[in-house]
Amino acid sequence: GFTVDAVELDQNVAEATINFFGLSQKDITLIIDDARHYIQTAKNKYDLIVVDILGAENIPVHLYTKESFNKINDMLTKNGTVYFYFAGDVDGEKSIFIKSFLKTIALTGLKLNIYAEETLPSGMKVISATKSFIDPDNYLFERMNSCCKPFTDSYTEVLFMDFNSGYILKDDLPILEMLYINQLPEYKVRNYYWKKDRDHVH
């Protein structure tokens, strides 16, 4: 078995997951805290960390910095992995957003893989950062939860990508939000159609 620590900033959101979505606290510890503060103060080591807090118009720049990524790296076990949810172009003039993100993570020494949604250039990205390199071609997808398997065909691996043109994101240079603004209109349109399609699924 396994246990989960879930960090949520808003107490009301945490209570809603229990009262309206049936979240069981049997194997999940809900921690009310700012994600960056938790990263700075936590003593636990994790096999898996999932960072999914990117809003359509809000980006937690204080979490996506070299100093923060170093702390996340320290929180991983020997074979641990951290997954980041992201959105944006991987090529072209607007790719500086993701390239800066990747360049900064790479400074930790973690090995990167990118799973990029094929339907839109500015669509969803899942970025994995691991202590040791994982070859996606040999990844055991049969071990995935059944709810995730249908999505594996919607993502393509980007194993080699030049992100040297990106900026290094630091606590004293939190510029990621400014880079994000350039692609925000496309992201909002993409998010609108995704929600529209989702609402019509019965």
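User: Which residues are buried in α4?

Analyst: The model is predicted, and burial is read from relative accessible area, with under 20% counting as buried. In α4, the buried residues are Ile-96, Phe-97, Ile-98, Lys-99, Ser-100, Phe-101, Leu-102, Thr-104 and Ile-105. Helix α4 spans residues 96-106 and is mostly covered, as nine of its 11 residues are buried.

User: What share of the residues of the protein chain count as buried?

Analyst: Of its 202 residues, 37% count as buried. The accessible surface of the protein chain is about 12,400 Å², and carbon and sulfur atoms account for 54% of that surface.

User: How many helices and strands does the protein chain have, and in what order do the elements run?

Analyst: There are six helices and seven strands. Read from the N terminus, the order is β-α-β-α-β-α-β-α-β-β-β-α-α.

User: How do I read the pairing of β3 and β4, parallel or antiparallel?

Analyst: Start with the general idea. In a regular strand, side chains alternate between the two faces of the sheet. Here, β3 and strand β4 (residues 76-87) run parallel and are joined by five bridges.

User: In what sense does β4 pair with β6?

Analyst: That pairing is antiparallel, over seven bridges, with strand β6 covering residues 124-130. To locate the pairing on screen, take Tyr-85, whose bridge partner in β6 is Val-126. Strand β4 therefore has a parallel pairing with β3 and an antiparallel one with β6, as pairing here requires at least two bridges between strands.

User: Now the second largest pocket. What is its volume, and how many residues line it?

Analyst: Its volume is about 1,200 Å³. The lining consists of 29 residues, and those nearest the centre of the pocket are Asp-5, Ala-6, Val-7, Val-50 and Val-51. The elements that contribute two or more residues to this lining are β1 (4-8), α1 (11-19), α2 (35-41) and β3 (46-51).

User: Which element gives the most to that lining?

Analyst: β3 does, with six residues. This is the strand that is joined to β4 by five bridges.

User: What is the lining of the second largest pocket made of, by class?

Analyst: The lining has 20 nonpolar, three polar and six charged residues. Val-50 and Val-51, among the residues nearest the centre, belong to the nonpolar class.

Notes. Residues are numbered from 1 along each chain as its sequence is written. This is a predicted model: local features need pLDDT of at least 70, side-chain atom pairs count only at pLDDT 80 or more; totals for chains, interfaces and linings use all residues. Side-chain values use heavy atoms; hydrogens and water are left out. On a 1 Å grid over the protein atoms alone, a cavity is a set of points where a 1.4 Å probe fits but cannot get out, and a pocket is an open set with protein on both sides within 12 Å along at least five of seven lines; lining residues have an atom within 4 Å of a point. Grid points are joined across faces, edges and corners, and a volume is the space filled by probe spheres set on the points. Helices (H or I, at least four residues) and strands (E, at least two) are DSSP runs, numbered from the N terminus. Buried means under 20% relative accessible area, exposed over 50%, partly exposed in between (1.4 Å probe, protein chains only). Accessible areas come from the Shrake-Rupley method with a 1.4 Å probe; for residues, only the protein chains shown count as cover.
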